[in-house]
Amino acid sequence: GTQVYQGHWKQWYQRRVRDTQLTGVLEGFLASADKRGVVVDGVTGKLMYGLGTKMKKQDNMGQILDLILEKKVTSDTQLTAALEFVKANPVNPDQSRLEEACGVGVVITAEQIKTAVAAKVEANLAQIKTQRYRYNTGPMMGQIKKDLKWADGSLIKTEIDSTIAGILGARTEADNKPIEKVKQKQPKQKPDEKKTATTVAEDEPQEISFAGFHKVGENYTTEGYVITPHTMRLLKEHLERTNGTVMTRFPPEPNGILHIGHAKAININFGFAKAFGGKCYLRYDDTNPEKEEEKFFTSILEMVRWLGYEPFKITHSSDRFQELFDFAVQMIKSGHAYVCHQTADELKGFDVKPSPWRDRPIEESLSLFDDMKHGKIDEGAATLRMKCVLEEGKVDPVAYRIKFVAHHRTGNDWCIYPTYDYTHCICDSLEDISHSLCTKEFQTRRSSYYWLCNILEIYCPVQWEYGRLNIGYNIMSKRKIAKLIAEGLVADYDDPRLFTLTALRRRGFPPQAINTFVKKCGLTGAQTQLDPGMLEACVRDELNVTAERVMAVLDPLEVEVVGSEEALPCTVTVPNIPGQDEGPTHSVSLNKSFFIDNSDFRESADKDYRRLALNQTVGLKHVGLVATVTDVERNSAGTVTKVKVKLTKLAAGNKPKAFIQWVCDGVTAEVRDYSRLFFHKCPEDPEQVPGGFLSDVNPDSLKVYDALVEARLAGSTVYTSYQFERIGFYTVDQDTTGSRLVFNNTVSLREDSGKK
């Protein structure tokens with residue numbers, strides 16, 4: 001039949017639609033209307049377009065379309081209510097309840113609208129007369145819509161405008177003038193004004209934004225979530241068990257050290273639970289007995305707590321080995337899994353030949369799986385495979401493999417071990433996880449996640465993916481870090497040049513700074529390769545308000561005072577942290593022999609050099625004295641070994657170009673300075689580094705100094721951070737002993753022009 005369009009809806013529809021899938025849906029709507037002889041006017045067309053764009057799942061779309069074509073749903077408000085009802089009742093929605101939910105048959109008369117508007121106008125009459133046509137009618141309209149849910153919004157708006165115009169009369173010239181906005185000037189921060197603890201806290205994001213996630217128990221509202229006849233019952237039981245509590249988990253493999261990317265995962269999983277009053281498990285995914293060691297279990301928990309989080313419970317995938325086995329037997333019995341004899345090499349890649357054993361009899365697979373469990377089949381001679389296809393095209397992923405290796409926790413009880421693809425979704429279900437948060441590479445496993453939970457008829461959580469966090473000029477792979485260690489290029493997993501969490505702690509990165517960095521990165525789906533400078537900036541901001549200031553010289557040069565206007569020795573009191581007037585202080589003393597850094601002395605000063613030279617004075621920090629060279633001593637090679645100076649009090653007429661740090665009666669310390677471990681931002685990229693990442697290692701990434709520091713630092717505890725004035729932030733290393741201080745360079749200071 002001939003389709004009739006009114007209100008130019010056909011042209012509007014053709015202009016708006018660019019999505020081919022949506023186009024197909026709308027064409028289907030039009031065909032249904034044409035078949036029934038329904039005239040698609042502007043209102044009907046708009047509602048049909050709204051249905052097609054707002055309803056992603058098409059299972060119950062026909063019920064709402066029928067209401068539109070039968071003119072029972074005639075407004076956006078009714079359409080929204082219908083969509084919400086079907087969303088909350090995705091399995092066979094009751095037709096009568098659907099119609100009741102979206103106001104079918106409810107008639108709001110013009111008189112009802114007029115009465116409601118008159119009451120609201122009367123209640124706000126004083127404001128209306130004062131503000132006249134500048135009065136905001138939006139809240140009033142919202143209140144009336146709340147009272148008359150199914151009223152036509154345009155009719156309410158027309159009645160409000162008409163009533164107000166009747167009271168105020170015609171618009172005046174003043175009514176039509178735009179309102180002048182007064183801009184408030186913000187005080188500019190001075191270039192040299194340093195951030196305080198308060199300003200840093202104001203600049204930091206307090207929490208990661210978790211907008212867009214489903215509510216607990218409303219898993220079915222998530223795009224891509226699969227609904228079965230059992231879904232709503234299982235969700236109801238899940239809600240009863242959890243009392244509607246957000247449940248997340250952080251599931252690391254205990255076969256390596258956590259790195260900066262894991263810090264993001266920790267903050268997201270624990271942070272999401274914290275933000276919504278929920279609980280987060282620490283679950284060790286210990287299904288690979290060959291690589292698991294006690295030190296990794298211990299280190300993982302230690303790092304979670306170091307970042308400020310405490311697990312709701314600590315669990316292990318191995319806790320569920322018997323349940324996982326029983327589910328595997330159930331899966332074989334239902335025809336969803338089979339024992340296969342293709343080798344590991346034959347299963348590699350995506351172009352894998354179909355298994356000739358895929359359709360073997362169920363009883364045969366059950367018998368062989370039992371033989372696998374009891375060690376009757378050689379390692380590598382059989383696997384249990386699931387009959388499903390991953391998004392990436394991988395066919396029939398492995399659920400179980402044979403490994404004649406004792407397990408860290410279960411000993412020799414098992415010789416078959418479940419894979420991650422099989423294990424994690426079942427453990428998520430058994431732990432009632434509401435939001436299964438994982439990195440983007442697991443997106444290709446989402447369909448198998450849902451498939452496995454659904455064929456086992458167990459509660460199915462929702463898997464959400466976020467972008468992985470990577471830092472440039474470094475590597476995160478446990479295998480590749482192990483190669484660096486084996487080649488002697490780094491000392492261990494906690495070498496401060498790495499971006500493992502133990503390495504960052506050793507280097508002196510505060511956990512608060514790492515958390516702040518992760519929050520600033522936010523929760524996105526994009527893979528991020530960030531410059532380490534972004535993390536270092538967060539560290540610098542944190543230490544700037546927490547690290548005590550001390551004086552140190554990395555390359556000591558002796559200075560002898562041959563004359564002084566100030567009686568020596570002299571002692572002054574210095575705040576531990578500048579700007580904290582009420583904070584703790586310490587004393588520094590100067591006598592006739594002290595040390596400066598070799599880099600702060602030259603025999604001749606050019607126009608750009610500001611520190612001590614034969615022809616240039618320099619100020620000594622804190623004591624208000626200016627040094628002038630009178631003589632130098634040299635060794636047999638002609639190198640200056642001692643500088644002799646005269647000290648004068650700082651005054652208006654002798655102000656030096658710069659002030660330098662110094663150490664008097666200090667203690668020796670080993671100071672380790674670090675630079676980037678790799679030359680290229682992406683050392684694993686074969687285009688940037690064709691020789692492989694080992695060829696890109698910077699041989700000068702570590703420099704060691706025999707330094708002098710203030711004597712009061714003797715006895716400093718490991719991980720205590722200081723700012724070495726004019727040099728950078730440094731942290732006490734774990735190699736420190738009672739007789740030897742060792743410091744790691746944490747981060748440099750911001751560029752200081754006065755250091756030239």
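In which sense, left-handed or right-handed, does helix 22 pass helix 23? In this predicted model, the crossing of helix 22 past helix 23 is right-handed. The two elements, spanning residues 511-521 and 532-544 respectively, have axes 8 Å apart and pack at an angle of about 135°. Helix 22 is therefore oblique to helix 23. On the side of helix 22, the contact is formed by Gln512, Ala513, Ile514, Thr516, Phe517 and Lys520, which meet Met534, Leu535, Cys538, Val539 and Glu542 of helix 23. Classified by residue type, this contact between helix 22 and helix 23 comprises 7 nonpolar, 2 polar and 2 charged residues.

A further element of the model is an open sheet of 4 strands, arranged in the order 4-5-6-7 with antiparallel pairing. From one strand to the next, the twist averages 20°. Strand 6 (residues 398-402) and strand 7 run antiparallel and are joined by 3 bridges. Within this pairing, Tyr400 has Pro418 in strand 7 as its bridge partner.

Helices also pack on the sheet. Helix 18 (residues 420-430) touches strand 5, strand 6 and strand 7, and its direction makes about 60° with that of strand 7. Helix 17 (residues 362-373) lies across strand 4, strand 5 (383-386), strand 6 and strand 7. The direction of helix 17 runs at about 60° to strand 4.

How values were computed:
Residues are numbered from 1 along each chain as its sequence is written. This is a predicted model: local features need pLDDT of at least 70, side-chain atom pairs count only at pLDDT 80 or more; totals for chains, interfaces and linings use all residues. Side-chain values use heavy atoms; hydrogens and water are left out. Axes are lines fitted to C-alpha atoms, for helices over the stretch in contact, and angles run from 0 to 180 degrees between N-to-C directions. Angles under 35 degrees count as roughly parallel, over 145 as roughly antiparallel, 65 to 115 as roughly perpendicular and the rest as oblique. A crossing is left-handed if the near helix is turned anticlockwise from the far one by less than a right angle, and right-handed if clockwise. Contact means heavy atoms within 4.5 Å. Ala, Val, Leu, Ile, Met, Phe, Trp, Tyr, Cys and Pro count as nonpolar, Asp, Glu, Lys and Arg as charged, and the others, Gly among them, as polar. Two strands pair if DSSP finds at least two bridges between them.
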